Each structure stands twice: as structure tokens, then as C-alpha cells.
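Subject: Structure handover

Hi,

Here's the structure I promised to pass on. Have a look, and then read on for what turned up in it.

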Amino acid sequence: MGAHGYNKTIIGKIKYTNAWPIFYYFNPDSLCEPTELITAVPSLLNKGMNDGSIDIGALSSFAYGLSSDKLLLLPNLSVSADGPVQSILLFSRQPIESIINGTIAVTNTSATSVNLLKILMNKALNGNPTYLSIEPDLKTMMEVADAALLIGDNAIKASWEDHGFYVTDLSAWWKEWTGYSMTFAVWAVHRNAAENKPEIIQDIVQALQASKHRSLSDLNPIVDEAMITIGGTQDYWTTYFENLCYDFGEQQRQGLELYLRYAHELGLIQHEVAMEMWEENTRIRVKE
């Protein structure tokens, strides 16, 4: 039954540093069928996963929530943090309690982080700030707002600068307020792909999990690459990667469920999200 083998399986790869361990040793050429790896910013991956032009890959937690009816979550793969994440940071001139109705500049690159901030400001502090979406540059942002949200490499670089601002790690705040870990990205497969080509999907899932285990058994190559690409010290990056959690077990699932429930309550996601997991294809498929 080779008919479905003609169309390449498209895999979405997130280009942020925090997802490196899952993809670092992932080699598409070693898979049982032809695939194509697309590396992009989350917004493009999210769109592709939603419309089915990407079969399987990483997407942000919020984007997963928007498209959950079309997707199945993959086991043991996520970017999560049980406490500080170090790369999703709110910089403010005053403590956040005093700017709950102020103006916050947010980056236009990450809906998951922006919506996490909205949930925390609204639910934890009963605040209602005004959000301005602008390019992620701390100096520019602080010229027009009381606080600035930066994510990813921008946040990391800004955290190394001596700027005198209060810095709030959103993941640490979420943990403190809810008691749960926070999941920022998940890996999912489009239902059509899961149904129509289970063998290659299973192959990809196993290869991603193997890459993750190999990366985490020796972080040095990834730490070196981060130092070359972004800067910073070996100590910083070792701590950074060791602090992240790449699993997706019960604890991560509960934290994500809570986040998506609050997003729905605030009207950020229109529907209630029912999370469904992909399961390894245990049936022996009859070859026609």
C-alpha cells in the first residue's frame, strides 16, 4: 500500500534555542520514508499545523489550543518549566503590582507568552493593562510603556544587561500562583497524517524522542552552539537547558490544561480545549 508514500511528510521545526535538544540529533534522512524539515518562527509553524500543510512538529501551546480539534499531542515531548524559564521575562520600572492598569509593550512573536501575561495580570492581580505590540527591543519598548515583555533569545540577552529594571520571570510567577508547571511548546501530529500514514509518524516520534534523550545525556555540544550563536557563558547555558523540562507527562498536562482553561475563560480561545493524545499504532497494518 505505497500510495501515501509519494507525498513527503512535512515536519515543523521551531527555531528557538529552547527547542534545540529535541531536534539536535534528529536526522530526517534516517527515516523509513521521505520527509521534509521546515524550520520557522512559531507563527508560521502554527499556521501550517492548523491548515495541515505541516503534518507533524512543534507548535506553541496557545496555537495548539486554537487548533486542538485537528491535532493529537505527542507523548514525552514539550518545552516546559517547573518554575523559572529564564527566557520569558517582564521588565518593569516599578514592581508589577503597581502597573496593573498601566501600559505593557509585548513582542509580536509569541502568543503563548503574551496570553500567559494576560492571564496572570487579570487572574492573579485583577489588573487590566493596555498592551502594545511592537518590535522586541527593550530600550524602545521602555520608552513607550511601563513594562516590556521579551521572549527567547531577546529576553536572554536583555537579562545579561545592567538596565536597573525589575525582572519578573513569567514561568516562575505562574508556578508560584498556580502550583503547576508551565508548558510553552508541544509536539503534535495532524489527525489526517496520524490516520493516513501511521508508520512514518511513529518513526518520526521515536526519532524525536531518541534525539531528546541523546541531547540530555550530554548537553555540551548544544551549550557550545548556544555560546557561539548567542553569546553567554557555559555555566549560563548548562543551567538554562538543565532547568527546562522536555517531557510531557501528567504534571505538564495538568499545567497546560489549566493554562488553556484560563485562556478560554478570558475569551482568548473561543472553544473549550479537549486535549487528545496520539497513541502508538499497535495494530499490525494489513499490506494490500
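To start with, by how much of a helical turn are Asp51 and Lys47 separated in helix α2? They sit 4 residues apart in that helix (residues 42–51), so about one helical turn lies between them.

Before going further, a word on the ground rules. This is a predicted model, where local features need pLDDT of at least 70 and side-chain atom pairs count only at pLDDT 80 or more, while totals for chains, interfaces and linings use all residues. Residues are numbered from 1 along each chain as its sequence is written, and side-chain values use heavy atoms, with hydrogens and water left out. Helices (H or I, at least four residues) and strands (E, at least two) are DSSP runs, numbered from the N terminus.

Now the salt bridges. I'm using the term for a side-chain nitrogen of Lys or Arg within 4 Å of a carboxyl oxygen of Asp or Glu. The count by this rule is 10. As background, side chains of opposite charge can pair when their charged atoms come close.

Asp51 and Lys47 make one of these bridges, with their closest N and O atoms 3.6 Å apart. For exposure, buried is under 20% relative accessible area, exposed is over 50%, and partly exposed is in between (1.4 Å probe, protein chains only). Lys47 is exposed at 55%, whereas Asp51 is partly exposed at 45%.

Another bridge joins Glu265 to Lys123, and there the closest N and O atoms are 2.5 Å apart. This pair links distant parts of the chain: Glu265 belongs to helix α12 (residues 250–265) and Lys123 to helix α4 (residues 111–124), 142 residues apart. Both partners are partly exposed, Glu265 at 44% and Lys123 at 30%.

Arg253 is partly exposed at 24%, and so is Glu257 at 33%. Elsewhere, bridges that share partners connect Lys123, Arg261 and Glu265 into one network.

Last, take a look at Thr35. Thr35 lies in strand β2 (residues 35–40) and is buried, with a relative accessible area of 13%. Leaving aside neighbours within four places in sequence, Thr35 is in contact (heavy atoms within 4.5 Å) with Lys8, Thr9, Ile11, Pro28, Ile200 and Ile204.

Cheers
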